[in-house]
Amino acid sequence: MAEANQPGIDVRNLWKVFGPNAKAMVPLLKQGLSKAELNGRHGHVLGLRNVNITMPAGAIQVIMGLSGSGKSTLIRHINRLVDPTAGEILVGDEDVVKMGVHELREFRRHKTAMVFQKFALLPHRNVLENVVYGLEIQGVPRRRQVEAAIRWIDRVGLAGFEKHYPNQLSGGMQQRVGLARALANDAPILLMDEAFSALDPLIRTDMQTVLLDIQKEIRKTIVFITHDLDEALRLGDRIAILRDGEVVQQGTSQDIVLRPADDYVKAFVKEVSRGRVVYVEAVMAPFRPADRSLATVPRQTTLDAAANVLMQHCCEHLTVMDEAGTPVGQISLRQLLRAIVTPADDIG
Amino acid sequence: MDSFWKFPTMDADTLRLLKKNIDEGFRAFTRAYGDSIENVFNPLQSFLIWAERLLLATPWPVVIAAVAVIAWIASRSMKIVAGCVATLLVIGWFDMWDDTMKTVSMIFVCTVLAIVIGIPIGIGMARSNRLQSIVNPVLDVMQTMPSFVYLIPVVMLLGIGRVPGVIAVVIYAVPPMIRLANLGIRMVDKDVLEAADAFGSSSWQKLRNVQLPLALPTIMAGVNQTIMMALSMVVIASMIGVQGLGQPVLKAIANQYFTLGVFNGLAIVGIAIIFDRISQAYGSRLQKHREIVHG
């Protein structure tokens, strides 16, 4: 099932203005009209301002931002639950913005599946009937619907609950149904709108693990919306941070944590436990053959994991190896600690 | 100063002429189209006669057994079944069986008609705010206009008999069906609708899989209201020749037969309660999936 040729998503020059005369506002915004002026003088609300994101195929793209930053609006553009004011959304080589009603329906049926913050399950259908929904809409024969549904219900850990109604399940279990419903669709793109935000912290971590495990098999293009930076760093192959409808930074988790683009991002990053995010390669010292240690770690080891290894071996240094097994650097406990603890000048 | 104390009116001759012209116009319309309009309603007439014959020709024990089975399927409650059977037995013992069957058959036809007319209009209203703003005042008129007033043109067009009776009853009883169908569909959770959209549902798939099932409890409340309102029209309908429990009541009013009026009135109450309990129990059983909540 792991196909390499999943489509990526390319969001280009995307603008969204809410209001009766939205189209006319874009040129004004391009001339530098601010969000407050747009609202005060023209009575329109800015949703997205010139968003450009290239989402790689088969990877998890996280879009992070606080409420009101436009992240839910952005994800709804990808399957056009919201129509853009200007811009392009390329999926593979198709422009979603240019699709007609019929084309769009087929696109939603076969190319995308979505998981919602409030689950949005059909309350009058049991778990099995909820999970087959996407396939039923596609007109897949009933036997194949049920086969796929049973497989995914089993995969998300809900075997035995097929005949339960959503109301009989806890929040975490309901979202497993939501996830199974989206996966059963077997669409190459999975859109997750704050999918785990309504769940308890423990269950949320649990669901993140489920998602990462499944993603190892299916390699879909996943767009994941969240307001939680820890969640973003854990899940995201790439992360884009949105503020007031604008992308303020995008890159890998390492980029975000080590090189925050502005004070806004810095404020977020300060609360993150760096030990679980930053890799040793980012903070290691150059390798000196004299210090070569028996304890080695791959270079993409988190600081926490490296500290653990170092503690178990009681030696001065860890040798950091690259994928080929050649030493590329070394790191001491002192260096590790300094990197894990938030730098002093950032506190207060 | 005169016109301050006495409302200035249209001059009497003009008013008389206006009324006369409207009346004559309608009479001419009746003469010209009465027959063809009657023909349009012929299938309804046959349906009514068929329903009435069915209930009258069936032996009473079979009817009672059928009601018991329906009550059981709808409610799964022995109490409701026993109540229905007991009510029917008492009605029969007091020699009102045939009239009751005629009334039940008419109510059945009216309800079916109200559902067939009401649900599509309700769906249309839920989809279009414009249609809603047009239909709502019409429904207001239908519900508040005294029924005698629209009995006049109906009788002029179709004469007296079953069909005009059914039309009058349906006009009075269909508004709650339309209103509650509209309300039920409009109240469907926006998040669930968005999910249906996101999976690429066509609007027919959305209606069938999401909107109608989620609106069903509200629609059932509409059916229940429609039945109750139809029953309350039984006596008025009897004035234009609809047979059933209404006619003895009418006779009782004219001749001051107190007991006759009370007995037949109570029989109407009895079948109203049977209809109500069965349809309500069915409606709440439809919501069963909502009741068992995760603790």
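A: One definition to begin: helices (H or I, at least four residues) and strands (E, at least two) are DSSP runs, numbered from the N terminus. With that, just after α7(A), A:Gly157 takes a positive phi of about 85°.

Q: How is this set up?
A: This is a predicted model, where local features need pLDDT of at least 70, side-chain atom pairs count only at pLDDT 80 or more, and totals for chains, interfaces and linings use all residues. Residues are numbered from 1 along each chain as its sequence is written, while chains are lettered from A and ligands numbered from 1 in the order in which they are written.

Q: What is the mean pLDDT of chain A?
A: The mean is 89, and 97% of the residues of chain A reach 70 or more. pLDDT is the predictor's confidence in each residue, from 0 to 100.

Q: Where in chain A is confidence lowest, and where highest?
A: Lowest in helix α14 (residues 333-340) of chain A, at a mean of 85; highest in α5(A), at 95.

Q: Back to α7(A). What span should it have?
A: Helix α7 of chain A has 14 residues, 142-155, and at 1.5 Å a residue should span 20 Å. The rule is 1.5 Å times one less than the number of residues. Its end C-alpha atoms are 20 Å apart, so the two agree.

Q: Which residues of α7(A) are buried?
A: A:Gln145, A:Ala148, A:Ala149, A:Trp152 and A:Ile153. Buried means 20 or more other C-beta atoms within 10 Å of a residue's own; exposed means 12 or fewer, and partly exposed is in between, with C-beta atoms placed from the backbone.

Q: What covers the buried residues?
A: The cover of α7(A) includes α5 (127-131), α6 (133-138) and α8 (171-184) of chain A. Contact here means C-beta atoms, placed from the backbone, within 7 Å.

Q: Switching to chain B. How many helices and strands?
A: Chain B has 15 helices and 0 strands. Buried residues make up 34% of its 295 residues.

Notes:
Contact = placed C-beta atoms within 7 Å.
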